[in-house]
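Please keep the sequence and the model in view while reading.

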Amino acid sequence: MKTHLDWSAYDTYGIGDAFSGVPITGGNYAKAVAVCMHNRECQREGRGVMCPSFRITCDPAHSTEARVAAFKAALNGDLGPSPFTGPELAASLDLCVLCKGCKKECPSAVDMTLIKTEFLAQRNDLMGVRRRSRLLGGLPAWVGHWHRPVRALVRWRNRSPLLRKAAEKFLGLAARRRIPVPAAASFRPPAPTPAGSRGQVVLFVDTFAHHFEPEIAEAALEVLKAAGYGVTVARPASGDSEPDRSLCCGRTYLSTGQVEKARAEARRVLAALAPALEAGIPIIGLEPSCLLSMRDEFYSLGLGAEVARLGKQIFLLEEFLARESHRGLTLPLKPLPCKALIHGHCHQKAFGTMKSMRKVLGWIPDFQFEPDRVVVLRHGRRLRAGGGALRRLPGHGRAVAAAHRAGGRAGHRHRRQRLLLPPPDRGRGRAQAGSHRRAAASGAGGVGVVKTARRENICKEVVHARRQ
Ligand code: SF4
Ligand code: SF4
């Protein structure tokens with residue numbers, strides 16, 4: 001079986017455990033599936049994330065273990081000669097949200113996110129890329145080339161019940177969901193600032209921050225500059241065939257099984273970041289699933305040794321700030337004028353980066369962390385319960401997320417991530433002005449509002465208070 005992803009990391013795995021062997025076809029891909037030891041940890045409630053589709057449905061058929069079983073049957077030939085086009089695997093994977101919870105929490109580290117990506121790629125080969133996958137996977141290119149028409153179309157679709165229904169029928173986009181609207185203007189990278197008292201960093205602005213919520217990137221720039229760093233925004237390398245299109249990690253292509261396109265995006269990113277990698281300059285990202293894809297999935301794209309170097313030099317903003325605090329960084333912050341409800345992104349949890357967020361949040365005077373609030377906000381049932389919790393928060397509490405759901409229910413907009421910026425006397429950028437307008441609208445009184453976009457419905461948060 002010719003695979004799209006590089007599964008050689010599983011090459012040295014054995015022939016299965018005492019309970020089941022490696023399927024007879026699939027090579028190293030089959031070995032990746034066969035690491036499951038069927039102890040059904042993924043079918044339990046309790047702390048953690050895994051497996052959200054089981055937790056929502058309470059149906060073992062939607063657990064990681066059941067997916068493994070389906071793959072084993074497929075690769076053993078029990079699902080017929082063409083299992084990747086059949087209904088069994090598709091049904092088994094349908095509710096897998098690619099959260100990476102299993103990679104982190106499964107005792108055997110089953111990576112169903114990657115296994116599903118390979119499945120989708122195989123299926124695309126045999127059946128062609130579906131319209132919906134082409135649309136959602138190609139979002140970085142659509143919005144990069146045709147920002148204004150895409151914005152107009154999305155706004156029209158959100159307003160028109162007829163278009164909503166048509167999009168549901170022909171593209172599988174749920175009519176009751178609002179689609180995120182691209183910002184009126186994309187992020188405009190400023191000229192690089194010279195190295196500050198704490199050195200130089202490169203800011204990687206992902207597709208979603210770039211085109212949907214540029215205020216996030218602008219706010220991050222302000223925070224980094226206020227912390228004493230000179231900031232250069234990563235741009236396509238010279239010689240890039242699309243110099244005007246923003247960089248993209250390729251996550252949307254991976255999520256839809258378009259591995260070759262994801263690989264092309266990844267190569268673009270590596271070429272753009274090569275000088276920073278060479279110079280040992282830290283690279284800061286904002287969106288967990290983008291940045292953590294670069295640390296993880298890039299290995300499976302067979303991109304060479306640069307990936308390992310990238311993994312060591314790239315950080316989420318809060319990771320970087322937390323790391324730098326050990327090297328003397330302090331950010332004097334003001335107390336929050338409201339409660340913050342923290343909603344961790346699933347990939348943040350899978351890669352253990354929530355601690356950094358907690359640490360950075362802890363710099364805010366009087367900030368108290370309430371873990372139960374985090375538990376409330378999760379997929380499915382719990383996410384809906386979280387919506388209620390949001391509405392019930394005393395004093396109009398604030399949900400804080402670095403990524404947002406693909407769109408709240410009509411009429412109920414998800415509360416947005418707050419990034420509380422350095423003081424206005426450092427120069428009121430568009431971000432601050434916009435943030436303050438929204439804050440005023442929501443009664444937050446001077447609280448900046450920033451978020452990033454992702455198709456998954458899980459969120460993460462970063463909060464900074466204004467410098468005093
Ligand atoms: S997927 Fe992981 S947690 Fe679930 S049964 Fe297999 S080994 Fe256990
Ligand atoms: S990626 Fe998430 S949803 Fe999919 S099997 Fe793993 S834990 Fe379950």
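At what angle do helix α18 and helix α20 pack, and how far apart are their axes?

## The packing of α18 and α20

Helix α18 (residues 317-325) packs against helix α20 (residues 354-361) at about 65 degrees, and their axes lie 8 Å apart. Here axes are lines fitted to C-alpha atoms, for helices over the stretch in contact, and angles run from 0 to 180 degrees between N-to-C directions; helices (H or I, at least four residues) are DSSP runs numbered from the N terminus. The crossing of these two helices is left-handed, a word used if the near helix is turned anticlockwise from the far one by less than a right angle, with clockwise counting as right-handed.

On the α18 side the contact is made by Glu318, Glu319, Leu321 and Ala322, and on the α20 side by Ser356, Met357, Lys359 and Val360, where two residues are in contact if their C-beta atoms, placed from the backbone, lie within 7 Å. By class, this contact of α18 with α20 has 4 nonpolar, 1 polar and 3 charged residues. In this scheme Ala, Val, Leu, Ile, Met, Phe, Trp, Tyr, Cys and Pro are nonpolar, Asp, Glu, Lys and Arg are charged, and the others, Gly among them, are polar.

## How far the model can be read

This is a predicted model, in which local features need pLDDT of at least 70 and side-chain atom pairs count only at pLDDT 80 or more, while totals for chains, interfaces and linings use all residues. Residues are numbered from 1 along each chain as its sequence is written, and chains are lettered from A and ligands numbered from 1 in the order in which they are written.

The protein chain has a mean pLDDT (the predictor's confidence in each residue, from 0 to 100) of 79, and 77% of its residues reach 70 or more. Over residues 372-468 the pLDDT is below 50, although this stretch has 241 contacts in the model beyond near neighbours in sequence. Where pLDDT is low, the predicted coordinates should not be read in detail.

## Two further helix pairs

Helix α1 (residues 27-34) and helix α3 (residues 64-75) pack at about 150 degrees with axes 9 Å apart, which means that α1 is roughly antiparallel to α3 (the term for angles over 145 degrees). The crossing of α1 and α3 is left-handed. Ala30, Val33 and Ala34 of α1 make the contact with Val68, Phe71, Lys72 and Leu75 of α3, a set that divides into 6 nonpolar, no polar and 1 charged.

Helix α14 (residues 259-279) packs with helix α17 (residues 306-313) at about 65 degrees, their axes being 11 Å apart, and α14 passes α17 in a left-handed crossing. Leu270, Leu273 and Leu277 of α14 meet Glu306, Arg309, Leu310 and Gln313 of α17, and these residues divide into 4 nonpolar, 1 polar and 2 charged.

## Around the ligands

Of the 15 residues around ligand 1, those that come nearest are Cys36, Glu41, Cys42, Glu65 and Cys106; a residue is near a molecule if its C-beta atom, placed from the backbone, lies within 6 Å of it. Helix α3 gives the largest share of this shell, 3 residues, and the shell around ligand 1 divides into 8 nonpolar, 4 polar and 3 charged.

Ligand 2 also has 15 residues around it, of which Cys51, Cys96, Gly101, Cys102 and Met112 come nearest. The elements that give two or more residues to this shell are α2 (52-57), α3, α5 (101-105) and α6 (112-127).

## The loop between α1 and α2

Cys51 is found in the loop between α1 and α2, and the peptide bond from Met50 to Cys51 is cis, with omega near -15 degrees. His38 is found in the loop between α1 and α2, and its phi is near 55 degrees, a positive value in a residue other than glycine.

Notes:
Parallel < 35°, antiparallel > 145°, perpendicular 65-115°, else oblique.
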